[in-house]
Amino acid sequence: MWLSPSLLLMIISIVTSICLVISSPSLFISWIGLELNTLAFLPLLLSKKSKLASEASIKYFLTQTLASVLILVGGLWFLAPWGGLATLTLLLGLSIKLGAAPFHSWVLSIAEASGWVPLFALLTIQKINPLLMLWMFCHLSMPFFYVVVLSSLIMGGLAGLTQTSVRSILTFSSINHVGWLMTALSFSLSVGAYYFLIYLTTLLCSILIFHMFNVSHINQLPLLSFKPSNQMLLFFALLSLGGLPPFLGFLPKWMILQLTVSYSLLLVGGVMISMSLVVLFFYLRLMFSAFMMGGVNLTTLSSDPLPFSCLLCCSLSITGGYPDYFL
Amino acid sequence: MYRFIANKLLVPSTCVRGLDFPGVFVPSTSFHEYRKSGYVDKTQKKTSTRESIRNGLKELKQEIKNWTAEVKDGVMMDPIMAMPLPGEVDAQWFFNQNTNFDDWVVTADSDHNEGHSTCSFGVSPVGKGLFSGNLSTQLVKDGKVKNAGYCNIKSIRPLKSFKRDSFHDWSAYTHLVLRVRGDGRSYMINLGSAGYFDINWNDQFHFALYTRGGPHWQVSKIPFSKFFMTSKGRVQDHQQAVPLNRITSFGITAADKINGPFRLEIDYVGLERDPTHTEISAYEQYKTPYFYAGY
């Protein structure tokens, strides 16, 4: 289905928009890349063909358009003697685009209504362009940027505690990760890119498993008909996403924490550590229900093995791609 | 001027039939200005802004308490305790002497002078819920009504703290279970799934429930996959699964085009999870696969 001509065109357009933003010499060309990205993503959201998907696509279009207007106005104000206000408007627009707290409410409603593949694209690919622009203009010394980072970390952690839908849990976890990503980008592009790639790998692993077994609610896990070995893979994938050592997800968090401490950003570091614990708690709560039944199988276990792509992704996420790690 | 244009030039639709026309001129049958399509409660008094603010401040303390309770419930939520086990029915509504029947909206076509049917919803002699009344397909002679004869009960939309609209989240379940005692007539079970935008405000999912007329109760276990989608009563070509995390209301309609009294006793309405039921939607869509026949 994803190789149909229309969707393939949209996927190519999204990749083109990313290349456009990376190579753009000016803010206006970057804005064009953002617009292309938004418009090309809409058919992917509509691939599910349900009324909720239509609703999600309209909400996505409206919020992204508002953010684009703010970015354009902010860019135009750079030509006027309002440099501070221009940066603030630009940052506001980019925060809305990213779904960073406190401008995150649209992400939840769209995540609930979309399929797993568009959800993965929304939480990862769609963040590339705004993050690239963010790297150019923002730094942790700016008060508004500081507030957005702290809000994302705190809101992503605390609000995820009350969720029962798996999609909502992953969405709030993504909002928390946006805080980490923004902090990483404020240090350097390479640190941000490294964090992003590892986040993409760990999230892909979890989403692949949820997609294969069609898990949408926290209560479905105990009643799932898949083998304990597959459950363990999901458990490790979630722990990796939560940043627990010795999994892959721990490495970028360690790196960023080290940088925050060396730059004396102790408040940010403290919030990051405490919110990581909260995020890990709701991942564990997701999985404990699957293990609490004491091995009692209420349905016939599915003996189908996981596909190779899923296994490869899981091994990357859990071991970091080092096969001799456990030797 | 607007009323003239609306009544004479617009495509006839229920939203402009003899009602105050809004200040927006949009020649479309899919645009809905009002959520209730113009069927307003004329007995409701208009309150001033100052009075609304005063009433709101009185409720502020209770709403803050409700919000605190919601946050506590969310944080302390135990997925094990809330997990539906196969074979167990989680009752959503019990009907007995202690039921607050004000939480149910009872309507009939006679409410807005569009028919002669009457109905009520209360306690039956055996202490269960009783939805009864008289259906009449007799038309009102106003030249506008073409069909008549319905009675309906509907649950009110769940609200969160600060009067925010919420949904029933039934995504963990696969079946709707009703214990009813009917009179042999057929009733329509309605699940409201009102969306955010106006085009989805009137989306509902329906299932026809056939009742036995005998003295024995019947337990109807209806899979959610068997419900079909309508918008403003019109069955949609493109059918889809019930969005179980976005249910706004549950209702029962008596409209089987048979004149006479009807009586439906309801013990409870509940939900059940059957892990062996994997059907998503019972209605085939006849969708051509990609790359098929040169498409």
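This is a predicted model: local features need pLDDT of at least 70, side-chain atom pairs count only at pLDDT 80 or more; totals for chains, interfaces and linings use all residues.
Local features need pLDDT of at least 70 and side-chain atom pairs count only at pLDDT 80 or more, while totals for chains, interfaces and linings use all residues. Residues are numbered from 1 along each chain as its sequence is written, chains are lettered from A and ligands numbered from 1 in the order in which they are written, and side-chain values use heavy atoms, with hydrogens and water left out.

Two packed helices are described by the angle between their axes and the distance between the axes. In chain A, helix H7 (residues 143–159) and helix H8 (residues 166–187) have axes that come within 7 Å and cross at roughly 150°, which makes H7(A) roughly antiparallel to H8(A) (a term for angles over 145 degrees). Helices here are DSSP runs of H or I with at least four residues, and strands are runs of E with at least two. Among the residues that make the contact (heavy atoms within 4.5 Å) are A:Phe145, A:Val149 and A:Leu153 of H7(A), together with A:Phe172, A:Trp180 and A:Met182 of H8(A).

A:Met182 also belongs to the largest nonpolar core, where A:Leu134, A:Met182 and A:Phe210 touch the most other members out of 92 residues. Such a core is a set of buried Ala, Val, Leu, Ile, Met, Phe, Trp, Tyr and Cys residues joined through side-chain atoms within 4.5 Å, buried meaning under 20% relative accessible area, exposed over 50% and partly exposed in between, with a 1.4 Å probe and protein chains only. Helix H12 (residues 266–291) of chain A provides the largest share of this core, 11 residues. Another core, of 36 residues, lies apart from it and includes B:Ile189 and B:Phe262.

A:Asn129, in helix H6 (residues 116–137) of chain A, counts as buried because its relative accessibility is 0%. Leaving aside residues up to four places away in sequence, A:Asn129 touches A:Ser17, A:Ile18, A:Val21, A:Gly33, A:Leu34 and A:Asn37.

Most residues other than glycine have a negative phi, and most peptide bonds are trans. A cis peptide bond, however, joins A:Ala101 and A:Pro102, with omega about 0°, and A:Pro102 lies in the loop between helix H4 (83–98) and helix H5 (105–113) of chain A. In the loop between strand S5 (151–155) and strand S6 (175–181) of chain B, B:Phe162 has a positive phi near 60°.

Definitions and conventions
Axes are lines fitted to C-alpha atoms, for helices over the stretch in contact, and angles run from 0 to 180 degrees between N-to-C directions. Angles under 35 degrees count as roughly parallel, over 145 as roughly antiparallel, 65 to 115 as roughly perpendicular and the rest as oblique.
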